[in-house]
Amino acid sequence: MSASTRTIDAVGVAALLAMLTVTYLAGIRPLMRARDERTALLSRLHSREQEHASLDADLKSKRKTLDTHLADIRRAPVTLQDASAINRRLQEITTLAEDCTLSLSLVVPGQCEQRDRFGVLPITINGHGDYAHFKKFLAALNKNYRDTGVSVFELTGGDQGPGIPLRFVAELAWHVKPGTP
């Protein structure tokens, strides 16, 4: 082989390598990058679809639970009493607190506020006891007196050490018949 043939071969090989490099950089590499991006996007889409299905199932479950609770509320209507029975309600709250081992130092009714379908008579209670007993009191209040809720609750004194009773202040909202004084 002569030198000119080798030069022509070298130029041909170089041109072939240049064409392969341009083809790879301009055609194959972008296609590979696009394929990788597509694969990543499909993976994200699949993940989001699974998340959506999970959230949708959770939402359906929550709606079913809400519907059940609303049906329970509708089936168990609360009969509102006259606000004139305040002395009896104060006695019931005091007895309930004592049954739950709470010591009340103040039980004071407020002024009845009239709403469209009912009145709200606030009852402020102060006293002391431990957290577990107050929790028991709230559970019993909720179970036995469905017309009474807690609108304000404050528990203080927990930093004084174990065995020392906590002080509490609570404002109860007793729902009464509309138009009663």
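User: Which residues are exposed on the other side of H2?
Analyst: Asn 87, Glu 98 and Asp 99 are exposed there. Exposed means over 50% relative accessible area, buried means under 20%, and partly exposed is in between, with a 1.4 Å probe and protein chains only. Helices are DSSP runs of H or I with at least four residues, strands are E runs of at least two, and both are numbered from the N terminus.

User: Before we go on, what should I know about the model and the numbering?
Analyst: It's a predicted model, where local features need pLDDT of at least 70 and side-chain atom pairs count only at pLDDT 80 or more, while totals for chains, interfaces and linings use all residues. Residues are numbered from 1 along each chain as its sequence is written, and side-chain values use heavy atoms, with hydrogens and water left out.

User: Ok, back to H2. Which of its residues are buried?
Analyst: Ile 86, Arg 89, Leu 90, Ile 93, Leu 96 and Ala 97. Looking down the axis of H2, the buried residues fall within an arc of 125°, so they line one face of the helix. The arc is taken from the directions from the helix axis to the C-beta atoms.

User: And what covers them?
Analyst: The cover includes strands E1 (103-109), E3 (119-129), E4 (148-156) and E5 (166-176), plus helix H3 (131-144). Contact here is heavy atoms within 4.5 Å.

User: What happens just after H2?
Analyst: Thr 101 takes a positive phi of about 60° there.

User: Arg 89 is an arginine in that buried set. What does it pair with?
Analyst: Arg 89 forms a salt bridge with Glu 92, with the closest N and O atoms 3.0 Å apart. A salt bridge is a side-chain nitrogen of Lys or Arg within 4 Å of a carboxyl oxygen of Asp or Glu. Both residues sit in H2 (residues 86-99), three residues apart, about one turn of the helix. Arg 89 counts as buried because its relative accessible area is 2%, whereas Glu 92 is partly exposed at 22%.

User: Why would a spacing of three work in a helix?
Analyst: An α-helix has 3.6 residues a turn, so residues three or four places apart point the same way.

User: How many salt bridges are there in the whole structure?
Analyst: Seven. Another one joins Arg 115 and Glu 113, with the closest N and O atoms 3.1 Å apart. Arg 115 is partly exposed at 40% relative accessibility, and Glu 113 is partly exposed at 44%. Salt bridges with shared partners also join Arg 88, Arg 89, Glu 92 and Asp 147 into one network.

User: Where's the kink in H1 centred?
Analyst: On Tyr 24, and the kink is about 40°. The bend at a residue is the angle between axes fitted to the seven residues ending there and the seven starting there.

User: How far apart are the end C-alpha atoms of H1?
Analyst: They're 105 Å apart, which agrees with the 108 Å that the 73 residues (3-75) should span. The expected span is 1.5 Å times one less than the number of residues.
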